[in-house]
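Dear colleague,

Here is the structure I said I would pass on. Please look through it before reading my notes below.

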Protein chains: 2
Amino acid sequence: MMTTSEYTSEVEKVIKDLALGRRTPEALYQPIEYALSAGGKRLRPVLTLMACQAFGGGYTPALKAAAGIEMFHNFTLLHDDVMDNSSTRRGRASVYARFGTDTAILSGDTMLTLATQLVSEVPDTQLRRVLDVFNTMAIEVYEGQQLDLSFEHRADITLEEYIKMIGQKTGALLGASLKIGAIIGGASDRDADYMYEFGMMLGLAFQIQDDWLDTFGDASTFGKPIGGDIANGKKTYLYIMAMNRGGSDSQLFATAMALEQPELRIKTVTRLLEKMGIAEECRKAVAAYSSKALSALKRTTLGDEAKDALRKVAEKLIGRKK
Amino acid sequence: MMTTSEYTSEVEKVIKDLALGRRTPEALYQPIEYALSAGGKRLRPVLTLMACQAFGGGYTPALKAAAGIEMFHNFTLLHDDVMDNSSTRRGRASVYARFGTDTAILSGDTMLTLATQLVSEVPDTQLRRVLDVFNTMAIEVYEGQQLDLSFEHRADITLEEYIKMIGQKTGALLGASLKIGAIIGGASDRDADYMYEFGMMLGLAFQIQDDWLDTFGDASTFGKPIGGDIANGKKTYLYIMAMNRGGSDSQLFATAMALEQPELRIKTVTRLLEKMGIAEECRKAVAAYSSKALSALKRTTLGDEAKDALRKVAEKLIGRKK
């Protein structure tokens, strides 16, 4: 196994070799190149390459599929940014803000088909399995996004619904990234399913951790202003836990969330979440899902070296600094 | 071979059996069912079924793929309606107008993946070929749509560019509908390619005919108000022919197109197009592409009965009443 940054640079190479910026019509392809050139950790395709290599035969057979996974992820960002009216993405203008709604839609559509083509660049004997995992995952992601949109207008979201939503929106793609890599590497159905479970649980832990960091993290390492979710009234794991507690605690929380002045609201809500013990419960949930992720990994027939490498990536992902 | 209306009702049945209206989240799937319930001739999937049956083994093996083709077509309509800001579609509110931009985008994305899944419901031995035709076609359609959008801001479009655009936007899907049906029916690569050419040329003839009908057709059978393209300043085959004629004719045409009052503009431009002989040239182009379509059909190894049935559908499509 290689280091994650070595895998990342392999992913960068494949994406660069697609030479999207040289395709015509330019107005369709340059926004795609723009979106993909923003960099990032390339977490999902790195997982695909690692899973492939873990099951044998190296990582190169999974390079195109890994690029397809990254393309799919970026397609969802293009369309999500239109729906969320988001003008920035990874510290620069989103495709939506820079090129407009029409381009974000149409270049996004193109990315989805390009992703499907890339993911299909596997031997014929694996095509059906890989394609099924990919398409099923895509449907999960859309359903999760729809659920997320619907949460904005609802006050009665259960924790179960929230977990379902983040499982579809975040977990399914991490699961599919690992499962597709595993299939290409020659994994059995059973092992491939464990890898999916590993990714799904990792996705849940990651997203709940992200919710926690948004309120309790350290601005210098988190990359976003702390308290943004509270300021925007976002329905996070913390929010839903607090609202489902019931009694005077929930009433107090709702009152605090209704404070007009953002800084005061952030300060009051943050203290309340600590006092209610929700900050702690949130950390416990992250630990519980991380542990489920690692136990799925453990159940695979992989050797110790491969398991160790994958465990380390998982721990690095969840162990993000406060 | 059956009648086209018999094939149409088979397509309706498959679409109904998808039971999209019963899937959750409802907010994602009901707009899809709404879009697909508007009916229409189901031209593209009917061509898929006919092509399959023409090459043997009946039409049933192509039913799912045919539904996938129709799903893809409707996905493009959902997204196009956002880009064109179109509030009506087949005589009722478009998904965009009725459910909003976010739903049109996200339900559209879902339809693209559902279409890919449906088109993949073919035997493993055909999966690669069918999927390649489908994905290549999808890319053509996006490129064509991008070209079409860019035409709005350009005054110097060549006839060649226009033909390329309608080939990508309309021809490629008709070609792929026929080619996918042919592959499922067991056609050779050579026959499948001729079927694609048949559909591509038919698509060009159909689109140019549509441009002609918009100005010179009969309101009672055309289904849209006559002169709409002139009123909206649309870059049609007629428009591009007139602007590329050069000299005083083109200047006169540009002046007429700039008339403020819509009815006067329609009347003046229509007369000018007749006087310039462009109405006639347009009809000749339709005849020429129709003839190319039929000669591609002729070159297949299909028997006379199958050729006759496909020729009749083509003639019915182009022979639409004035």
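How many nonpolar, polar and charged residues does the lining of the largest cavity have, by class? Note that this is a predicted model. The lining divides into nine nonpolar, two polar and four charged residues.

That cavity is one of seven in the structure with a volume of 30 Å³ or more. Its volume is about 120 Å³, and 15 residues line it. Nearest the centre of this largest cavity lie B:Ala35, B:Leu78, B:Arg89, B:Ser94 and B:Val95. At least two lining residues come from each of four elements of chain B: helix 2 (26-36), helix 4 (63-83), strand 2 (92-93) and helix 5 (95-99). Helix 4 of chain B supplies the largest share, four residues.

Now to the second largest cavity, which holds about 100 Å³ of space. It is lined by 13 residues, and those closest to its centre are A:Ala35, A:Leu78, A:Arg89, A:Ser94 and A:Val95. In chain A, helix 2 (26-36), helix 4 (63-83) and strand 2 (92-93) each give at least two residues to the lining of this second largest cavity. Here the largest share, again four residues, is that of helix 4 of chain A. By class, the lining of the second largest cavity has seven nonpolar, two polar and four charged residues.

Regards

How values were computed:
Residues are numbered from 1 along each chain as its sequence is written. Chains are lettered from A and ligands numbered from 1 in the order in which they are written. This is a predicted model: local features need pLDDT of at least 70, side-chain atom pairs count only at pLDDT 80 or more; totals for chains, interfaces and linings use all residues. Side-chain values use heavy atoms; hydrogens and water are left out. On a 1 Å grid over the protein atoms alone, a cavity is a set of points where a 1.4 Å probe fits but cannot get out, and a pocket is an open set with protein on both sides within 12 Å along at least five of seven lines; lining residues have an atom within 4 Å of a point. Grid points are joined across faces, edges and corners, and a volume is the space filled by probe spheres set on the points. Ala, Val, Leu, Ile, Met, Phe, Trp, Tyr, Cys and Pro count as nonpolar, Asp, Glu, Lys and Arg as charged, and the others, Gly among them, as polar.
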